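Welcome! Please look over the sequence and the structure below, then try the exercises before reading each solution.

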Amino acid sequence: TADSMARSVCPYCAVGCGQRVFVKDGQVSQIEGDPDSPISRGRLCPKGSASKSLVTSPLRQTTVRYRRPYSTQWEDLELDTALDMIADRMLAAREQTWEDVDTQGRPLNRTLGFSSLGGATLDNEENYLIKKLFTAMGALQIENQARI
């Protein structure tokens, strides 16, 4: 009885089981294993089977939370504000730590001011884009913990 169905990947571990997410009246109504997935062939572990509660829980955090330096209180931020803060800090770190050449004049064109650690639930396309972004910004430490 769903209005639509979207294919997704289970958010829990690095296996990448396929899920079908059913939506009714703009709300997730059911999540189940995707039988067309070559990885899981419709099967989900107990966590994957319960992922509807992850998405629909009233306890789920849906806002950006920020704790300023030395503060003991959290505050809500607008998403655009948080993204601007992240971009400003990355650009500042890049500016402060950029290395054009080494001591012998050999080109480096790098920064050690930030790094990237990807997660197991990112798909190949997301990992590709993250790798390209951080490489283009001059980062060297680009890693992903998914080692299956």
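**Exercise 1.** Find how many salt bridges the count comes to, and follow two of them.

*Solution.* Begin with the rule: a salt bridge is a side-chain nitrogen of Lys or Arg within 4 Å of a carboxyl oxygen of Asp or Glu. By this rule there are nine salt bridges.

A note before going on: this is a predicted model, where local features need pLDDT of at least 70 and side-chain atom pairs count only at pLDDT 80 or more, while totals for chains, interfaces and linings use all residues. Residues are numbered from 1 along each chain as its sequence is written, and side-chain values use heavy atoms, leaving out hydrogens and water.

Next, take D3 and K24, whose closest N and O atoms are 3.9 Å apart. D3 lies in the segment before β1 (4-9) and K24 in strand β2 (residues 18-24), so this pair ties together parts 21 residues apart in sequence. Strands here are DSSP runs (E, at least two residues) and helices likewise (H or I, at least four), numbered from the N terminus.

Then turn to R20 and D36, paired at 3.1 Å between the closest N and O atoms. R20 is buried, with a relative accessible area of 17%, whereas D36 is exposed at 52%. Buried means under 20% relative accessible area, exposed over 50%, and partly exposed in between (1.4 Å probe, protein chains only).

Finally, R7, R20, D34 and D36 form a linked network of salt bridges.

**Exercise 2.** Work out which residues of α3 are buried and which exposed residues its opposite face carries.

*Solution.* First, the buried residues of α3 are A82, M85, M90 and A93. The face turned away from them carries the exposed residues D80, D88, L91 and E95.
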